[in-house]
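Have the structure open as you read.

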Amino acid sequence: MRVYNTLGGRKEELRTLNPHKVNMYVCGPTVYNFIHLGNARPLVVFDSLRRYLEYKGYDVTYIQNFTDVDDKIIRKAQEENDDPLRLAERYIGEYFIDADRLNIKRASVHPQVSQHIPDIIDAVGGLIDKGHAYEVDGDVYFRVRSFPEYGKLSGRAMDEMLAGARVEVDERKDDPADFALWKAAKPGEPYWDSPWGQGRPGWHIECSVMSTRYLGDSIDIHGGGSDLIFPHHENEIAQAEALTGQPFSRYWMHNGFITVNKEKMSKSLGNFFLLRDILTKFPADVVRFYLIATHYRSPLDFDDGKLEEARKALGRLKNTLLLADEFLRGNNPDTTDLPEENRRSFDNITEQFAEALDDDFNTALAIAHLFELSRLINSHIASGDPGNSIHQAIVGQGADILRRLGDVLGLFGGATVFGNVESEDDDISSLEVVLESFLAIRQQARQDKDYARADEIRNFLSGQGIRIEDTSEGARCRYEAPPDLTALNAKLEEMQGGR
Ligand SMILES: [Zn+2]
């Protein structure tokens, strides 16, 4: 597999430290709000990369942190008259609700800054001992000039950075480019005891420390959004390599921005959309498909029309699975009945899918091969005889491969609604969202052992021509004719109001 390495600026063969393992660290969110769509892109991109590496047989250790000590959290907590760590804890809970809906696998570990203060203090002390950092009035700064390779990731020269970066002139710093490793406590802020007095870590030190703590001095892949290249990742490299003397990460992978009218989506520009709000209009599997159907390094423009296109495209793949199930009518075909010629064409598509992903994780091309497979299965369904065991083997095997390859990109795991998904009707998105909500209420009712409530949902939906099917991947809805959205919404409101 070849990946584009930001460090060096070219595609390189992925050679991991251990040929069977991948150690990967991805910068996670600062937890002071719900995540927005721009935050969701790296989560989906790197979760899909992890799934693909596992599909290729690597044993992947995946670390994604939560920044739970930060200026923005402290400010928000002050506004809400809350405790900063409690506020962060609340948004970590909300993060997992969103991530689960997007079918994002849990990381091997989700470390939090507040739980690694002693590790951070050790690292800051080590950097002072080695002459890479200095203390002034309870603050500790990294001495950028002490690390001659500073700028190697972002490709910026030191003087250019000083001219271009918004570095505040601070008389106490040896050099304006020096950045904080440790900040002295200000009144009303959370703090920890340290050799430099009471204070808290700066932002950058957490990631290099937690990466080293869980993955060792050198790792294979460090990922994140391209807005993190400078200064965050540049600073991580300086801190880690100055401390350990080892190369920090072999490959640095960065995803492109999400743009709105060609402008970067960000909290500071105020043009961001919370994932949660988008999920009231579009099902989570559609949002995931939208985020992964474009190459991860390309900018991704956002508007409702793009999500509507994604809904129709994903709908075509889901429809093939639905039609295949109907064709097989519960039969489990014998794959030894699969003719050699069909086996070859399925193998070809499987190989092309992998070749696309092996070329810098080209998910756009890989998904094009899924559509090719889907069309092939559809043609066999259209011309085949459901009673013929050879035709069953072709359709069954094709659908299995489509499901398996789709799962490599996490496409079908969250898929809960199967029906007339190719309809041009604008109400279909709302319908899928409503049905997802019914399934979520039913799931909760079953967890609470409130079987009367769970049955009420099944019976109501059945009366509307919608069948609930429980599968090993969770519950799904199926319908033949488009159901009556007004009736569904009224019932949903009634059931939600009843809690
Ligand atoms: Zn980070």
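## Helix packing

Helix H2 (residues 71–79) packs against H3 at an angle of about 105°, and their axes are 9 Å apart. That makes H2 roughly perpendicular to H3, a label used for angles of 65 to 115 degrees, while those under 35 count as roughly parallel, those over 145 as roughly antiparallel and the rest as oblique. The axes here are lines fitted to C-alpha atoms, for helices over the stretch in contact, and the angles run from 0 to 180 degrees between N-to-C directions. Helices themselves are DSSP runs (H or I, at least four residues), numbered from the N terminus.

Before going on, two housekeeping notes. This is a predicted model, in which local features need pLDDT of at least 70 and side-chain atom pairs count only at pLDDT 80 or more, whereas totals for chains, interfaces and linings use all residues. Residues are numbered from 1 along each chain as its sequence is written.

Who meets whom at the H2–H3 packing? Ile73, Ile74, Lys76 and Ala77 in H2 meet Pro84, Leu87 and Ala88 in H3, where a contact is a pair of C-beta atoms, placed from the backbone, within 7 Å.

Further along, helix H9 (residues 284–292) and helix H10 (residues 304–328) also pack, at an angle of about 105° with axes 9 Å apart. H9 is therefore roughly perpendicular to H10. On the H9 side, Asp285, Val286, Val287, Phe289 and Tyr290 meet Lys306, Leu307, Ala310, Arg311, Ala313 and Leu314 of H10.

Not counting residues up to four places away in sequence, Leu307 touches Phe282, Val286, Val287 and Tyr290. The C-alpha atoms of Leu307 and His116 are separated by 39 Å, with the two residues 191 places apart along the chain.

Back in H3 (residues 84–101), you'll find Phe96. The C-alpha atoms of Phe96 and Arg106 sit 8.6 Å apart, and the two residues are 10 apart in sequence.

The domain assignment, which is automatic or from a database, gives domain 1 (2–255), domain 2 (278–415) and domain 3 (427–497). Between domain 1 and domain 3, the C-alpha centres lie 42 Å apart.

Leaving aside neighbours within four places in sequence, Leu127 is in contact with His132, Ala133, Phe142, Leu181, Gln239, Ala242 and Leu243.

## A helix wrapped up by the rest

Helix H6 (residues 203–215) has 13 residues, and 11 of them are buried, so H6 is largely enclosed by the rest of the structure. The buried residues of H6 include Trp203, Ile205, Val209, Met210 and Leu215. At 1.5 Å a residue, H6 should span 18 Å, and its end C-alpha atoms are 19 Å apart, which agrees; the expected span is 1.5 Å times one less than the number of residues. Just after H6, Gly216 takes a positive phi of about 95°.

A residue is buried if 20 or more other C-beta atoms lie within 10 Å of its own, exposed if 12 or fewer, and partly exposed in between, with C-beta atoms placed from the backbone.

|---|---|---|
| Asn103 | 22 C-beta neighbours | buried |
| Lys449 | 8 C-beta neighbours | exposed |

Asn103 isn't a glycine, but it has a positive phi of about 65°. Asn103 sits in the loop between H3 and helix H4 (117–129). Lys449, not a glycine either, has a positive phi of about 60° and is placed in the loop between helix H14 (427–447) and helix H15 (451–463).

Finally, a cis peptide bond joins Phe230 and Pro231, with omega about 0°. Pro231 is found in helix H7 (residues 229–244).

Definitions and conventions:
Contact = placed C-beta atoms within 7 Å. Helix = DSSP H or I, 4+ residues; strand = E, 2+ residues; numbered from the N terminus.
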